[in-house]
Amino acid sequence: MKKLLFAFALILATAFGAFAQNSQYDEKLSQELGADDYGMKKYVIAFLYRGERVQEYSPEKRAELQRGHLDNITKLAEEGKMVLAGPFFGNEDLRGLFFFNVESLEEAQKLTESDPAVQAGVLKMELKEWYGSAALPMLLEMHAKIAKQDI
């Protein structure tokens, strides 16, 4: 009898746990962001590395390529394709990260190829799929509220 009562209690607890839902859940927002049941989705991260052709360019040309690189980041962010980007501190070969809001590695590859610094061989990128919060695109809206100056 005790075993039967214990089994019933276990089944009941499991059933209630299965129906538990976050009280802050916003179905409309979840759908807009493409979230799964856990509020997550797939992104593609680009690891930016120093390219082999950096030394071929004058400091002035490298500055021009950097400006084009930053402008391309802004364009991709405005299109909703890039949700996060930034450099690493230091002067190592690993230079920075891009988080692309895309469905495939192939789409991310096309976006990386739109970068003038990649086209010039000053940067190269390695792409990896990543599973993270579907709310990541909302970060750009927050950032705009705290940035005193544009990049």
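Reader: What should the 20 residues of helix H3 span at 1.5 Å a residue, and how far apart are its end C-alpha atoms?
Author: Helix H3 (residues 59-78) should span 28 Å, and its end C-alpha atoms are 29 Å apart, which agrees. The expected span is 1.5 Å times one less than the number of residues in the helix. Helices here are DSSP runs of H or I with at least four residues, strands are runs of E with at least two, and both are numbered from the N terminus.

Reader: What kind of model is this, and what are the pLDDT limits?
Author: This is a predicted model, where local features need pLDDT of at least 70, side-chain atom pairs count only at pLDDT 80 or more, and totals for chains, interfaces and linings use all residues. Residues are numbered from 1 along each chain as its sequence is written, and side-chain values use heavy atoms, with hydrogens and water left out.

Reader: Back to H3. Which of its residues are buried?
Author: Leu65, Gly68, His69, Asn72, Ile73 and Leu76 are the buried residues of H3. They sit on the same side of H3, because they cover an arc of only 145° around the axis. The arc is taken from the directions from the helix axis to the C-beta atoms. Buried means under 20% relative accessible area, exposed means over 50%, and partly exposed is in between, with a 1.4 Å probe and protein chains only.

Reader: Which residues are exposed on the other side of H3?
Author: Pro59, Glu60, Glu64 and Glu78 are exposed there.

Reader: And what covers the buried residues of H3?
Author: The cover includes strands S1, S2 and S3, helix H4 (105-112), helix H5 (116-119) and strand S4 (123-133). Contact is counted for heavy atoms within 4.5 Å.

Reader: What follows H3?
Author: Glycine 80, which has a positive phi, near 80°.

Reader: Which residues of H4 are buried?
Author: In H4 the buried residues are Ala108, Leu111 and Thr112. Their arc around the axis is only 100°, which puts them on the same side of H4. Glu106 and Lys110 are exposed on the face of H4 turned away from its buried side. What covers the buried residues of H4 includes S1, H3, S3, H5 and S4.

Reader: Switching to the strands. How many residues of S3 are buried?
Author: Five of the seven residues of strand S3 (residues 94-100) are buried, so S3 is largely enclosed by the rest of the structure.

Reader: How many bridges join S1 to S3?
Author: Six bridges join strand S1 (residues 40-50) to S3, and the two run antiparallel. Strands pair if DSSP finds at least two bridges between them. Leucine 48 stands opposite glycine 96 in S3.

Reader: And how many join S2 to S3?
Author: Strand S2 (residues 82-87) and S3 are joined by five bridges and run antiparallel. Leucine 84 stands opposite phenylalanine 99, and proline 87 stands opposite glycine 96. The hairpin of S2 and S3 has six residues between the strands, and glycine 90 in that hairpin takes a positive phi near 95°.

Reader: How many aromatic pairs does the structure hold?
Author: Three. One of them is tyrosine 43 with tryptophan 130, a tilted pair at 5.9 Å centre to centre and 40° between the planes. That pair links strand S1 to strand S4, with the partners 87 residues apart. Rings of Phe, Tyr and Trp (its six-membered ring) pair if their centres lie within 6.5 Å; planes under 30 degrees apart count as stacked, over 60 as edge-to-face and the rest as tilted.

Reader: Tyrosine 43: buried or exposed?
Author: Tyrosine 43 is buried, at a relative accessible area of 0%, whereas tryptophan 130 counts as partly exposed at 34% relative accessibility. Tryptophan 130 also forms an edge-to-face pair with phenylalanine 99, at 5.1 Å centre to centre and 85° between the planes.

Reader: Which residues do the ring pairs link into a cluster?
Author: Tyr43, Phe99 and Trp130.
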